[in-house]
Amino acid sequence: MPTCKECKRFFPLEEDPGKGDCVQRVIDPRQAYYQAKPVSADKDAVKCPSFEKK
């Protein structure tokens with residue numbers, strides 16, 4: 001079972017490595033930008049469509 005901390009899109013917080021941000025690059029017709037959402041490092045990533053093994 002993969003977890004978020006095994007994903008290359010997961011960036012842990014310095015003050016609490018058990019939490020972090022899932023950062024994805026989004027490209028729409030006008031611009032490209034990064035989108036981040038807070039996640040737990042131990043969250044199950046089986047159903048995550050953007051999971052990529054490190």
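**Strands, a cavity and a few side chains**

Visitor: Which residue in β2 is the bridge partner of P12?
Guide: P12 has G20 of β2 as its bridge partner. Keep in mind as we go that this is a predicted model.

Visitor: Noted. How many bridges are there between β1 and β2, and in which sense do they pair?
Guide: Three bridges join β1 to β2, which covers residues 19-27, and the sense is antiparallel.

Visitor: And how many between β2 and β3?
Guide: Nine bridges there, again with antiparallel pairing. As an example, V23 has A36 in β3 as its bridge partner.

Visitor: What sits between β2 and β3?
Guide: Four residues, and the two strands form a hairpin.

Visitor: So what's the strand order in the sheet?
Guide: The order is β1-β2-β3, in an open, antiparallel sheet of three strands. At the edges are β1 (10-12) and β3 (32-40), each of which pairs on one side only. On average, neighbouring strands in this sheet are turned by 30° against each other, ignoring direction.

Visitor: How many helices does the chain have?
Guide: Zero helices, with three strands making up the secondary structure. Along the sequence, the pattern reads β-β-β.

Visitor: What about the overall dimensions?
Guide: Taken along the principal axes, the C-alpha atoms fill a box of roughly 35 × 25 × 15 Å. The chain has 54 residues, and 20% of them count as buried.

Visitor: Let's talk about those. Is T3 buried or exposed?
Guide: T3 counts as buried because its relative accessibility is 11%, and the cut-off for buried is under 20%.

Visitor: Where is T3, and what does it touch?
Guide: T3 is in the segment before β1. Setting aside residues up to four places away in sequence, T3 touches A41, D42, K43, A45 and F51.

Visitor: Now the other end. Where does S50 lie, and is it buried or exposed?
Guide: S50 is in the segment after β3. With a relative accessible area of 12%, S50 is therefore buried.

Visitor: What is S50 in contact with?
Guide: Leaving out neighbours within four places in sequence, S50 is in contact with C7, R9 and Q24.

Visitor: And E52, how does that one count?
Guide: E52 counts as partly exposed, because its relative accessibility is 28%. E52 also lies in the segment after β3, and beyond its neighbours within four places in sequence it is in contact with E6, C7, K8 and R9.

Visitor: How far apart are E52 and Y33?
Guide: In space, 19 Å from C-alpha to C-alpha, and in sequence, 19 residues.

Visitor: Among contacts between residues at least 6 apart in sequence, what share joins residues at least 24 apart?
Guide: That share is 45%.

Visitor: Which residues line the largest cavity?
Guide: The lining is C4, C7, R9, F10, C22, V39, A45, C48 and F51.

Visitor: How does that lining split by class?
Guide: By class, eight residues in the lining are nonpolar, none is polar and one is charged.

Visitor: Great, thanks!
Guide: Any time!

Conventions:
Residues are numbered from 1 along each chain as its sequence is written. This is a predicted model: local features need pLDDT of at least 70, side-chain atom pairs count only at pLDDT 80 or more; totals for chains, interfaces and linings use all residues. Side-chain values use heavy atoms; hydrogens and water are left out. Two strands pair if DSSP finds at least two bridges between them. Axes are lines fitted to C-alpha atoms, for helices over the stretch in contact, and angles run from 0 to 180 degrees between N-to-C directions. On a 1 Å grid over the protein atoms alone, a cavity is a set of points where a 1.4 Å probe fits but cannot get out, and a pocket is an open set with protein on both sides within 12 Å along at least five of seven lines; lining residues have an atom within 4 Å of a point. Ala, Val, Leu, Ile, Met, Phe, Trp, Tyr, Cys and Pro count as nonpolar, Asp, Glu, Lys and Arg as charged, and the others, Gly among them, as polar. Buried means under 20% relative accessible area, exposed over 50%, partly exposed in between (1.4 Å probe, protein chains only). Contact means heavy atoms within 4.5 Å.
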